[in-house]
Amino acid sequence: MDLSNLQPAVGSTGKRRRVGRGPGSGMGGTSTRGHKGAKQRSGYSRKIGFEGGQMPLQRRVPKFGFKNINRVEYKAINLSTLEELAAAKNLTSIGVAELIEAGYINGKKLVKILGNGSLTAKLEVKAHAFSKKAEEAIVAAGGTIQKL
């Protein structure tokens with residue numbers, strides 16, 4: 001295959017329909033638009049969500065919930081993740097920079113340390129928030145916490 005013998009796939013192209021060019025074409029008269037009504041007129045465009053007068057879906061379904069504008073969203077990091085990272089990179093201090101470098105978070109997220117897993121290494125952990133269980137586990141292992 002090269003540029004000299006390229007062809008469109010079979011059935012993917014067809015002849016253009018020439019409507020409104022007289023009765024001999026078979027598409028004269030109403031120009032395939034049918035008889036009367038808004039859809040036959042020029043400039044017709046149906047409103048978004050209009051269902052022919054039937055109660056539209058967005059009005060049939062009830063509204064629910066709300067979005068709290070004061071919500072603070074954290075990226076959760078478990079103790080097991082900290083343990084793995086400390087063992088792999090031989091770290092004694094883990095902060096946001098180390099988590100970004102390891103690929104666990106991106107720079108824009110706030111970090112919260114959660115208590116899933118166990119911690120044996122003595123670590124100095126710096127994060128934006130800690131769960132009670134995580135805080136207790138870090139201190140019990142001989143480490144320290146620092147809130148940013």
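Predicted model: local features only at pLDDT ≥ 70, side-chain atom pairs only at ≥ 80, totals over all residues.
How many salt bridges does the count come to? I went through the side chains and got four.

**Entry 1: overall layout**

I started with the whole protein chain. I find four helices and six strands. Reading from the N terminus, the elements go α-β-α-β-α-β-β-β-α-β. Next I looked up the radius of gyration, which is 33 Å for the protein chain. The globule rule gives 15 Å for 148 residues, so the chain is more spread out than a compact globule. The C-alpha trace spans about 95 × 55 × 20 Å along its principal axes.

I then checked burial: 18% of the 148 residues count as buried. The protein chain exposes about 11900 Å², and 52% of that comes from carbon and sulfur atoms. For contacts with a separation of 6 or more, I noted that 38% are between residues 24 or more positions apart.

**Entry 2: salt bridges**

Arg-60 pairs with Glu-51, with 3.4 Å from N to O. Arg-60 has 43% relative accessibility, so I put it down as partly exposed. Glu-51 is also partly exposed, because its relative accessibility is 30%.

Another of the bridges joins Arg-71 to Glu-73, where the closest N and O atoms are 3.5 Å apart. Here I have both Arg-71 and Glu-73 down as exposed.

Then there is Glu-124 with Lys-126, the closest N and O atoms being 4.0 Å apart. The cut-off for this pairing is within 4 Å. Glu-124 comes out partly exposed at 32% relative accessibility, and Lys-126 is partly exposed at 28%.

**Entry 3: helix H2**

Which residues of helix H2 are buried? For this helix, residues 79-89, my list reads Leu-79, Thr-81, Leu-82, Leu-85 and Ala-86. They sit on the same side of H2, because they cover an arc of only 155° around the axis. A reminder to myself: an α-helix has 3.6 residues a turn, so residues three or four places apart point the same way.

I turned the helix over to see the other face. Away from the buried side, H2 carries the exposed residues Ala-87 and Ala-88.

What covers the buried residues of H2? I noted several elements, including strands E1 (74-78), E2 (93-94), E3 (110-114) and E4 (124-127). Helices H3 (96-102) and H4 (132-140) are part of that cover too. Just past the end of H2, I spotted Asn-90 with a positive phi of about 55°.

**Entry 4: the nonpolar core**

Which residues touch the most other members of the largest nonpolar core? That core has 18 residues, and the answer is Leu-82, Leu-99, Val-111 and Ile-113. H2, H3, E3, E4 and H4 each supply at least two residues of this core. H2 gives the most, with four residues.

I finished with Val-111, leaving aside its neighbours within four places in sequence. Val-111 is in contact with Tyr-74, Lys-75, Ile-77, Val-96, Leu-99, Ile-105, Ala-127, His-128 and Ala-129.

Key: Residues numbered from 1 in each chain as written. Heavy atoms only, no water. Buried < 20%, exposed > 50% of the residue type's maximum accessible area, 1.4 Å probe, protein only. Arc of directions from axis to C-beta. Contact = heavy atoms within 4.5 Å. Core = buried A, V, L, I, M, F, W, Y, C linked by side-chain atoms within 4.5 Å. Rg over C-alpha atoms; globule rule 2.2 N^0.38 Å. Areas by Shrake-Rupley, 256 points an atom, 1.4 Å probe, with all protein chains shown as cover.
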